[in-house]
Amino acid sequence: MSRAVSDIISGVAPALVGVWVHDPLDASDTVRSYPFADGRTEHLAPESSVLTVVGRTRPVVEFGEALDESLKVTIFVPFGPEHDEAVQWWRDAVLARRAIFYRDNRGRAFYGVLASGVDPVDGRAGTALAVELTRVDWEA
Amino acid sequence: MQPLDPAGNYSDDEVIDALSAARGTRSMSFRYERLDELNNLVGPVDWVLSGSVANNSLADIKRTAKLRVLDRGQINYLRDRIRPVARLTMPGPHDGRAPYVEWPLGVFLLSTPERTVGTAGVVEREVAAYDQLVVLADDKVADRYSVAAGTLYTDAIATLTFGLARNLVPSDKALTSAREWEPGTPKLRILNDLLAAINYESAWFDELGRLVCRPYQSPTDRSSEYAYATDDKSVIVGEAAQSLDLFSVPNRWVLVKSEADEAPLTSAYTNDDPASPTSTVSRGRVIVDFRDDEDAADQATLDARAARYAFEASQVFESVDFETLVMPMHSNADVVTLTHPALSLDAKFSEQSWEYDLKAGATMSHKLRRVVSV
């Protein structure tokens, strides 16, 4: 058995910029990055009900185990050689009706579904995609 | 009623604090287990979308459920059984104990309803589910079924329910004459006839799927198993309704057991308690409930049955409907105390029926009957 040892290279890992996404069933062929992502808005709420109880001044809140977690983000794809392919990726993701894996430079990483689709809006410099990802459980 | 913590990890006070959301919140969830036809655990299931469970202590089939399930073709409706389990998250400190308390909610057999498909293409079923009493109700004797004179009632019950997990309290009472049932009689009817003859409760299955056959005990002689009150630990929500129906409640019960080869037995019980609004004294007249087709092991059993009929009929006069947070420890015919000053109620009741949806934030409806001395 032979083995080779590479040279030691010093360097800095590339910073994650913007948004990275991939199809978890085919990560290597589907991974894409979108460096221009803005307006990220998170929603995080446990399943809950507020119940007014007879004899008590203040209500009781009952929680369930479900967690409603979603993220809204606007991704901008400038016109250029990769524009059409980059926008089409999102169209394909919607049509595939599957979860995608989302990461961003703020440390978010989760499986999400485009349950409400995407809304591409063409402008002078490119296309803005309003995306809402609903977080789901995903078993490999 | 089930124990407040069936696993025994937490004290009653700790569980009551969690159930009543003493710190303002509580967390409740439900899971489902799949069992085989012998009630052995097969595994958890994740295809139940929602459901509800109900118990009616006066019905033949006491516990029922409705389940909305995803139909992925993995359910064997003829053999599979489902056991819902309620889980209450316990606030800390847990001190090494499980961070929750769980109550099984019954073992249910499934019906096979039509499948429905929505616009999204998801196939679902609305499944009606019944506890194992349905097995006995559907199983009818093919030939004339007889039990010989001299047979212990509980032996006859054990024979009839052979193969079922059960909690059968032994009795030394024996049939004084042979008893027969027509071909086509449901085994549940035979079972309940045998139980009634020795003044046992009608048959029911507990939350773990065991048949319970035990002597009837008047709720007046039972201690309250849970106290509902509109205090700082109240779990009562919404409106409460109290109803009175005094019109046709009897105040004398006459039971006759007549067999061709035996001297007849007669038992009469009169409610002459001045404190009872339906008594002969309060009404000023007598309303007789006469039953002449009774089967009883002996005079004492017949007397006890007459007293039981009197008790059950006389508690009809006051019933209360109210709602609470889901209290999953309830079982069949529990005895509870209800204190509700707005309705001038502070009394012991027997729980006739209850029902709730299997979801967090649901409310539980209770129908209680007043426990009175007659």
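This is a predicted model: local features need pLDDT of at least 70, side-chain atom pairs count only at pLDDT 80 or more; totals for chains, interfaces and linings use all residues.
User: What does Tyr153(B) touch, leaving out residues up to four places away in sequence?

Analyst: Its contacts include Lys173(B), Leu175(B), Leu194(B), Ala197(B), Ile198(B) and Asp295(B). Take Ile198(B): it is 45 residues from Tyr153(B) in sequence, yet the two C-alpha atoms are 7.4 Å apart in space.

User: How do you know whether Thr154(B) is buried or exposed?

Analyst: Same test: the cut-off for buried is under 20%. Thr154(B) has 6% relative accessibility, so it counts as buried. Thr154(B) also lies in helix α3, which runs over residues 153–160 of chain B. Beyond four places in sequence, Thr154(B) is in contact with Leu168(B), Val169(B), Pro170(B), Ser171(B), Ile198(B) and Tyr200(B).

User: And what contacts does Ala158(B) make beyond four places in sequence?

Analyst: Ala158(B), another residue in helix α3 of chain B, is in contact with Arg166(B) and Leu168(B). Its C-alpha atom is 9.9 Å from that of Cys213(B), which is 55 residues away along the chain.

User: What makes you say that α3(B) as a whole is enclosed?

Analyst: Count its buried residues: six of the eight are buried, so α3(B) is largely enclosed by the rest of the structure. The six are Tyr153(B), Thr154(B), Ala156(B), Ile157(B), Ala158(B) and Leu160(B). They pack against β10, β11 (166–168), α4 and β14 of chain B.

User: How many residues of helix α4 of chain B are buried?

Analyst: Eight of its 11 residues are, and the helix, residues 187–197, is mostly covered. Among the buried ones are Leu188(B), Ile190(B), Leu191(B), Leu194(B) and Ala197(B). The cover includes α3 as well as α2 (133–138), β12 (179–181) and α6 (299–314) of chain B. Just after α4(B), Asn199(B) takes a positive phi of about 60 degrees.

User: Which other residues have a positive phi without being glycine, and are they buried or exposed?

Analyst: Arg97(A) is one, with a phi of about 55 degrees. It lies in the loop between α2 (83–96) and β5 (100–104) of chain A. Exposed means over 50%, and Arg97(A) has a relative accessible area of 73%, so it is exposed. Asp95(B) is another, with a phi near 50 degrees, in the loop between β5 (81–89) and β6 (100–104) of chain B. At 64% relative accessibility, Asp95(B) passes that cut-off too, so it counts as exposed.

User: How do you know where empty space is left inside?

Analyst: Rolling a probe the size of a water molecule over the atoms shows it. A search of the whole structure finds two cavities of 30 Å³ or more.

User: What lines the largest cavity?

Analyst: Its volume is about 40 Å³, and the lining is Tyr153(B), Leu175(B), Thr176(B), Ser177(B), Ala178(B), Arg179(B), Lys257(B), Glu259(B) and Asp295(B). By class, that is three nonpolar, two polar and four charged residues.

User: Which domains does that lining draw on?

Analyst: At least three residues come from each of domain 2 (136–213) and domain 3 (252–315) of chain B. The domain assignment also gives domain 1 (12–132) in chain B, and the C-alpha centres of domain 1 and domain 3 lie 41 Å apart.

User: What about the second largest cavity: which residues line it?

Analyst: Arg63(B), Gly106(B), Val107(B), Asp131(B), Phe205(B) and Asp206(B) do, around a volume of about 30 Å³. They divide into two nonpolar, one polar and three charged.

User: Last one. How many residues does the contact between the chains take, and what area is buried?

Analyst: The contact takes 15 residues from chain A and 26 residues from chain B. About 1400 Å² is buried between the chains, with carbon and sulfur atoms giving 51% of it. In chain A, Val54(A), Arg56(A) and Glu62(A) lose the most area to chain B, together 42% of what that side buries.

Note on methods:
Residues are numbered from 1 along each chain as its sequence is written. Chains are lettered from A and ligands numbered from 1 in the order in which they are written. Side-chain values use heavy atoms; hydrogens and water are left out. On a 1 Å grid over the protein atoms alone, a cavity is a set of points where a 1.4 Å probe fits but cannot get out, and a pocket is an open set with protein on both sides within 12 Å along at least five of seven lines; lining residues have an atom within 4 Å of a point. Grid points are joined across faces, edges and corners, and a volume is the space filled by probe spheres set on the points. Ala, Val, Leu, Ile, Met, Phe, Trp, Tyr, Cys and Pro count as nonpolar, Asp, Glu, Lys and Arg as charged, and the others, Gly among them, as polar. Domain bounds come from an automatic or database domain assignment. Helices (H or I, at least four residues) and strands (E, at least two) are DSSP runs, numbered from the N terminus. Buried means under 20% relative accessible area, exposed over 50%, partly exposed in between (1.4 Å probe, protein chains only). Contact means heavy atoms within 4.5 Å. Buried area is the accessible area (1.4 Å probe) that two parts lose on being put together, summed over both.
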